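Here are my notes on the model you sent over.

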Amino acid sequence: MKKFAIELLESYSRLREQAPAAMTPEQAISMAGESIKAPRVLKGGSGGTGRIWKTTRKTISFQRDEPKARANKVDGPGSEGYDDLAAFLSGGQTTQQPVTISKEQRQQMERDQRQQETVEGLNQGFPGLGDAVNSLFTKLNTVRERVLGGLNENRLHSQFFSNANNSVRTLTNKMLERDALFVEQSADTADEGVTVFEREPPSPDQVRRAFKNYEKVMTLTDQLMRGLRKPENVIEDMRKMKQLLMKNEKGQVFVKVDGRSLAGVCLMPSERHALNELVQKYEKEVSKFEKANPELLEENETLALDSFDFSKSSFNHSNVVKEVSETLEMGAHHIAKGDFDQAKPYLVNVVRQYKDSIGKALQLQRGMLSEDDAELGAMLTQLGIDKGTKDEVEKAVVSIVQGYLKPRVDFYNRFKPDFVSRVGEGDVGKGFKPDNMMVWKDKPTDSALDPFVQKVKFQNLDKKTQQAIVKSGGSPTGDYYVAGVSLKTYLGGTETKVGSTYGFVGLGERYGTGVGLGTHEQNVRQRMIDAGLSTQQFDAARTELTKLTGASNFCRDIVANDELNLIGKTPKQAQQAVTSHINLMMRTYNIKLPLNDPEYFEKLKAEDGTIDPRSLSRFSVYLEKEMHLKIIEKSLRDRGKSEMDNKDPMLHALLLMGVDAGIDSTQTNVMGVTTKTDTNESHVYNQNGEIMKSVEEVLSGKRSFTFSRSGLRIDRGMKVELNNERNRVAVNSYIPSLQENLDLV
């Protein structure tokens, strides 16, 4: 349960109940402005009650608790809502007059209100964004019948300003909540339907320009459909438009800020959304134009949209080669079997993909390399790539592939699987770690495989493995033996990342007793007990974990969502709000407020000197991490300790988080393979075994450990990192990559 949030709400209620009945309208309005989403109950001057609440960032509403009483917006002195509120507080009669309006008038009023709220809300979150959205809607509505066919005005209005999940209003607000409008990732975001990309948050000017480019698409499409301009005059505009539009691998179209920057935005959640229909119509007109005017095109020129397939993650070395290394395994398998014709397509494909990935990384390096890209820069230097010419990149990639292949071919020569399937394409979830699956028709004789191999009937294999078997001539019936392979590829280094999770939220509840554990949780619990943890110690660890969970719930649900109304306040005002309200919750654990630096808010203010959504999100992450550390310190003090020992339940909670993030629960065990491209080393080990070896030896006192702000580090063993990321604290689990610290297969 979200104990922090519940107690905070109760604290607010108690404070409000103590408020005097006699107050001015301004005091009542101020109270609603400070409130959380639930309406506040007011007492009237002559008895009776009413409710006042904040419906948007700027709108206050008031309603008497009387039959047929209407809720009114309180816009200021002289407005119907304000006058009624003043009469209510002073004991006077209602000033409301019955008003009869038609259904059509009411619907239009509701549409106008939603539109106004959207524009004002987006402008407050990002200056100029609401105006840009409103301008696009207005102009799109003028060409709606010609360009969008049967789309009526009400539906278009709903797609822009309603509270539906796929409206421009909702999607844009979700992007703002994620700390930045443009984030470096492709189509698969946490919020379905939102597609955004680019590393840095935009300036207000970039926001407006991105939406203005939607208008340019609309205008040019209308001109092409109506034949308003001569082909020789319009082609230059189409060439410019080609620089502004890019389509990703899933068919979603990005509208960029300009032809030089990668910054852009896509708000096309469904095929029938107006913005998607607009771009589809433009693509059809481009195709017609190219067929009708081939003489105007330069040799091999096309005006069609270019493809865009940047990685969803940062361009570090591991991510550049992650996907292609999984494919490379297939080539290594066929080479080991002597089937070079089967291997060749995989190797050619790897070289092409790897080359393209580096090409995209070089684009970032030339224009937008940030301090976070040190690993990318080191990789390019290691590969000997300075200028990034086609020949230079390809030569370096071929060299890497050749060096990578030898240890991987040796691997398949040793274990001799009959089939190999690639199962790690988008299916990875909690407890599922394999990237590739090795398959044998008969039980393999190498005893090193005993911890990994499972006997499985063909019909119970995953579809990708079934397809790999049948494609290579295997039988679609009978029993097979399988072992999962988890691949990690690095430039070098001493650690291997085996898992990551944002599992603070809900993790304690997931391991609650008496509610029925999931398969993954059952596996983790049993492994922790087998490693030496008693059932009582496991439950005590879960209790400690729930404390950390409460801090995360509070920071994300209350602080990051601005339930304390910090946005728009000055740093000094925000400091006061934090110390007066968050401190209520700190009393739960009898600890002092983590924020003891009065200058901290000064570092997070926006250009206008007030707190904005981005700075609030960053502050929430900072607060979450600080609360975790303070809770851990308090937990130790309560037991009379200054440092953890191997019997401490907080240590057991941290170990539980690392195991939860890194363990594979769908295989007997998974074969971990770490390959380093700078030395062509390739270590094979039991990934589950390496994780649990560290846990077992810490619990038994055989191995030392340290805890710091960055997390838990076990000597020559597992590390559980607590890392501040974009909008939350993440748990990352690592094991060693040095041969002397691994039990190699």
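1. Let me start with a ring cluster: Phe-137, Phe-160 and Phe-161 come together as one aromatic cluster. The rule is that rings of Phe, Tyr and Trp (its six-membered ring) pair if their centres lie within 6.5 Å, with planes under 30 degrees apart counted as stacked, over 60 as edge-to-face and the rest as tilted. By this rule there are nine aromatic pairs. One of them is Phe-137 with Phe-161, edge-to-face at 5.1 Å centre to centre and 75 degrees between the planes. Phe-137 sits in helix α5 (residues 129-142) and Phe-161 in helix α7 (residues 153-161), so the pair links distant parts of the chain, 24 residues apart. Helices here are DSSP runs (H or I, at least four residues), strands likewise (E, at least two), numbered from the N terminus. Both Phe-137 and Phe-161 are buried, where buried means under 20% relative accessible area, exposed over 50% and partly exposed in between (1.4 Å probe, protein chains only).

2. Before going on, the ground rules. This is a predicted model, in which local features need pLDDT of at least 70 and side-chain atom pairs count only at pLDDT 80 or more, while totals for chains, interfaces and linings use all residues. Residues are numbered from 1 along each chain as its sequence is written, and side-chain values use heavy atoms, leaving out hydrogens and water.

3. Another pair to look at is Phe-419 with Tyr-480: the ring centres are 6.3 Å apart and the planes at 70 degrees, so this one is edge-to-face. The pair links distant parts of the chain, with Phe-419 in strand β10 (residues 419-422) and Tyr-480 in strand β13 (residues 479-490), 61 residues apart. Phe-419 and Tyr-480 are both buried.

4. Now the overall picture. The protein chain has 24 helices and 20 strands, and buried residues make up 52% of its 745 residues. Taking contact as heavy atoms within 4.5 Å, 65% of the contacts between residues at least 6 apart in sequence join residues at least 24 apart.

5. Is Glu-215 buried or exposed? Glu-215 counts as buried, because its relative accessibility is 6%. Glu-215 lies in helix α9 (residues 204-226). Leaving aside neighbours within four places in sequence, Glu-215 is in contact with Ala-132, Ser-135, Leu-136 and Lys-139.

6. The charged end of Arg-408 is 4.4 Å from the ring centre of Phe-411. Arg-525 lies over the face of Phe-538, at 5.2 Å from the ring centre.

7. Please glance at the backbone too. Most residues other than glycine have a negative phi. Lys-416, though, has a positive phi near 50 degrees; Lys-416 is in the loop between α15 (390-415) and β10 and counts as exposed at 58% relative accessibility. Arg-716 has a positive phi of about 55 degrees, lies in the loop between β18 (711-714) and β19 (719-724) and is partly exposed at 45%.

8. Last, a helix crossing. The axes of helix α19 (residues 535-559) and helix α23 (residues 649-662) come within 8 Å and cross at roughly 80 degrees. That makes α19 roughly perpendicular to α23. Residues making the contact include Phe-538 and Leu-545 of α19 and Met-650 and Leu-656 of α23. Axes are lines fitted to C-alpha atoms, for helices over the stretch in contact, with angles from 0 to 180 degrees between N-to-C directions; under 35 degrees counts as roughly parallel, over 145 as roughly antiparallel, 65 to 115 as roughly perpendicular and the rest as oblique.

Conventions. Lys NZ or Arg CZ within 6 Å of the ring centre and 35° of its normal.
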